[in-house]
Amino acid sequence: MTYTRRQFIGTLGATTALIGAPSILRAQSQGTFRIGALCPVTGSGSPFGSGMQKMIIAAAEAVNAAGGAAGRKIEIVSEDTQTNPQAAVLAAKKLIDVNKVQAILGTWSSGVSLAVVPLTNDANIILMNTSGAPALSVPPANAKGLSYRFQATNDRFGRAFAEICEKEGFKRPATMAFNNASGIGNTEGFRKAWEAKGHKVVENVVYEPNQPTYRSELQKVLAANPDVIVTGSYLADTTIIMREWYQSGQPVKWVMPGWAASPDLVKAVGPDVVEGVISVDSVSNENAPSYKAYDEAYRKVTGQPGQSNVYAAMTWDMVHALALAIEAANGTDTAAINAKIREVSNPAGQQVYTYAEAKEALKKGKINFEGASSVLDFDQYGDVTPDFGVFFIEGGQLNRRYVVKI
Amino acid sequence: MEAYFIAIGIIALIYVILSLGLTLQYGLTGLINFGHVGFFAIGAYTSALLALKGVPLVFSFAAAAALAGLAAWPLGLVSLRLRDDYFAIVTLGFSEVVRIVITSERWLTNGVQGIPGIPRLYEGLGGSAAQLAVLVTVLAVTLVGAWIIRRIAGSPFGRLIEAIRDNEEAVQALGKDPARFKIQVLVVGAALAGIAGAFYAHYITYIVPDQFIPLVTFYVWMAIIMGGVGRVSGAIVGTAILMLFLEGSRFLRDIVPGVSEVDMASVRIGAVGLLLVLFIMYRPQGLMGDYTKR
Amino acid sequence: MFYAQLLVNGLVQGLVIGLAALSITLVFGIARFPNAATGDFMTFGAYAALSAHKATGSIAMGGLAAIIATGVISLLAYLAVFRRLAERSVVALLVASIGIAFFIRAVLGVAFGHSQQVFQVPLSRPYVFGSVRITPLDLQLAAVALAALALVFAILYLTPIGRQMRAVADNRDLARVSGIRPDRVMIALWLLAGSVAGVAGMMLGIKTIVTPEFGWEMLLPAFTAAILGGIGSPVGAVVAGLILGVVQEVSTPLVGFTYKIALAFIIMLAVLLVRPRGLFGRLEGAR
């Protein structure tokens, strides 16, 4: 058995070498650095995906207009993940093997990022994602340190929820989570942070999608008599839950992630139902000039304000951080680029906001790129810690009262 | 380029293994199994969990096949008492129960967070050599599976299960017990699906309950209906068409103007639906089908 | 009282499932196959009702639109596809219905987009009986379900075409030799089944939200109810829907909110093993 297998593998190796040989001849086309934009254009990520993709392209244009990175133009090849791991794996394979991209940017759902990261690790290229799952920070997913996350982890969202509940003086929080990685991640993160503060969560309910009614789930949560319900939910289920809660007549406050408690929710259930709901979202770095540049680009391409898609601001920053690292490394070697990503994004150094400006400053010394989505400082896991905006829904409007830093 | 085709080849062959199981169950025996993805999921999780515990992959694959086959046993017993169309819905329900159990039993399966970092086959080879080795292995398993099913079809056992499909009462009247054969066929088909699941888990390296929805079952059904029910060549050709269709639409949008990428998902599923209806209406025997039967 | 409220929740959930199951059981009993396009017929009905409601502001007009439009689309599916497959196996019909389901969903997705839509109806406070709350919408839903059931019954038992339908359901060949034209019966059947699905879709849409996938997601519980109730039995479908809804909700303190979904299949399986024709089914359902 062993013998034949070894022999078999030997033959296999020889065959591969033969097939692989021509690819050495097909060298990288000089003068470009190719990036794969792998966004959730269809599937459940579709509200964000096409904006994310467009901002990768727009940012690349901005980089190229400023003379490119390390003397090379950035070239974008786009693919759709369909928000589905299997489709994403094949798309990533195509990007890596057919298009020979040297980095993949823009994977959105955790399932997709976790499925794609082994491929980028194998190919020794960088992956930049906007997913929440904690597993992406550590090996095996981030075994090579080539993966960067531009979104707050679910844990950080949970911590922000706990800060807000404390600040608002809530004593008896309960949680409701949509049964998927992100939903549970948010409420579990909250529970951990809340219990670390020495408090107790009175009830935890996890519910399934696509139910005609969530009244029993609500009944269980409300029976514990909470003063606030913290959710890890999405728009569709939140719409149904809010309506049924309103009809129950039991007063309680809500703290929700921004993708659930959005203007669409107000539109769907009416302003009376969601009055006083607290919506929490990672805030873009709105006062920075980099945000202004992003917002302009986003409006130009989509006709929508930049704040309607926080993930698009993240993909905008991805291209900037990567291009600056290429420029700083003065080459296209992944290891060299990877070594520079934190150097150009994190303090100290001169604060810079646009690519052209940053490129100039880089000639003089150390820079600190401040992104549109956050100040873009990566920790040792490649994670960022954005600030969280706390919005109160008042008269149908989402009004930001304050910002929480964790 | 090659690596991309190897990737498509591996996924396609995994689907071929799934279709082979269904060819045996439905094509030859007439058992309408609409819960194929359930066995696929059992295989994927079994092998992934064992491999992560350090069990050698040879054994984890064997366990995947065994456990998936074992799960088919009670369904086989049930099938004997049910009409064909009821059985279809019972199996569909079964696959959903499997998904719900995987979702709920977090201590075992990590629930909706999924299992990352499943070891790959031939990890030691690294890079493209490992990929090629995986392809060759899946291909070998597929060929063995196809050979077994052809042997079964040509054997007295095969003639018997076809007779069960065509006229169960007659088989009973001959003093044979159709029940036993139906169970055997279900178990073998499910074991094949379990192996396919193991390959899938160790290839994608990350599994999560969302990947095991009934749509996978419908894809396999589409493949055998387009290719030709009850024929091994049909399972292969049908799967090839399916993959061409699903992957081809990646390149299609460069060619077809005016379809936004968001609409592409709808266009894809609409075309799949239309193809299904047209095949059923105008070429019920499938591309490779046999005109003399049904 | 906790359980009393769960019971009410279950009844409401059961009514939605039961209405969908009613459409499935009609087709299953008379045309003899599980119509997997029922869920997407429901979605179609919901979008038709939504459009009419937006245009006129009247829920009644929405209902009318759902009934007519879904009846028509269901009839078209029959004329274009199912009629030509009448002599073919159950699987051929089942797979064709899945194809039609996919196609309808694709058309709706392109036409209406993928973001959720809702019926803009005012929310009203519930009636409170002791500690049990029942919303006006629940009562309306119950009224609609009962009306649909009564209508189906009236058609099946009081009209000539209904008698012919039942005759075809009992024995197609016998019906044919006694001079019943199956085609007329089938046209009436598909119109009726489509209309019921349309109403079911609208009611589900008012209770929840409307997306191109939402009807498809209801298909499995509806199939389960149709089989549990006994194929071809309208009362069975609705009663089974109610049973499933109630058992699911009342069991949640014990099994939780995920396993309650699995419970539906387990009940179905258990009943089928003891009574293969379902609760209200005719013997024909048995092997």
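I take a residue as buried when its relative accessible area is under 20%. The model I consulted is a predicted one.

**Entry 1: cysteines.** I looked up Cys165(A) first. Its relative accessible area is 0%, so I record Cys165(A) as buried. I then turned to Cys39(A), which is likewise buried because its relative accessible area is 0%. I also searched for disulfides, and the count over all chains is zero.

**Entry 2: extent of the A–B interface.** How many residues of chain A are in contact with chain B? I found 39 residues of chain A in contact with 38 residues of chain B. The area buried between the two chains is about 3400 Å². Carbon and sulfur atoms give 63% of that area.

Entry 3: I noted one salt bridge between chain A and chain B. The partners are Arg120(B) and Asp122(A), with their closest N and O atoms 2.5 Å apart.

**Entry 4: the chain A side.** Which elements of chain A give two or more residues to the side that touches chain B? I listed α1 (2–25), β2 (73–80), α3 (85–98), α4 (110–122) and α6 (181–196). Of these, α3(A) gives the most, with 10 residues. By residue class, I divided the side of chain A that touches chain B into 18 nonpolar, 11 polar and 10 charged residues.

Note on methods:
Residues numbered from 1 in each chain as written. Chains lettered and ligands numbered in written order. Predicted model: local features only at pLDDT ≥ 70, side-chain atom pairs only at ≥ 80, totals over all residues. Heavy atoms only, no water. Contact = heavy atoms within 4.5 Å. Buried area = accessible area lost by both parts, 1.4 Å probe. Salt bridge = Lys/Arg side-chain N within 4 Å of Asp/Glu carboxyl O. Helix = DSSP H or I, 4+ residues; strand = E, 2+ residues; numbered from the N terminus. Nonpolar A, V, L, I, M, F, W, Y, C, P; charged D, E, K, R; others polar. Disulfide = S-S within 2.5 Å. Buried < 20%, exposed > 50% of the residue type's maximum accessible area, 1.4 Å probe, protein only.
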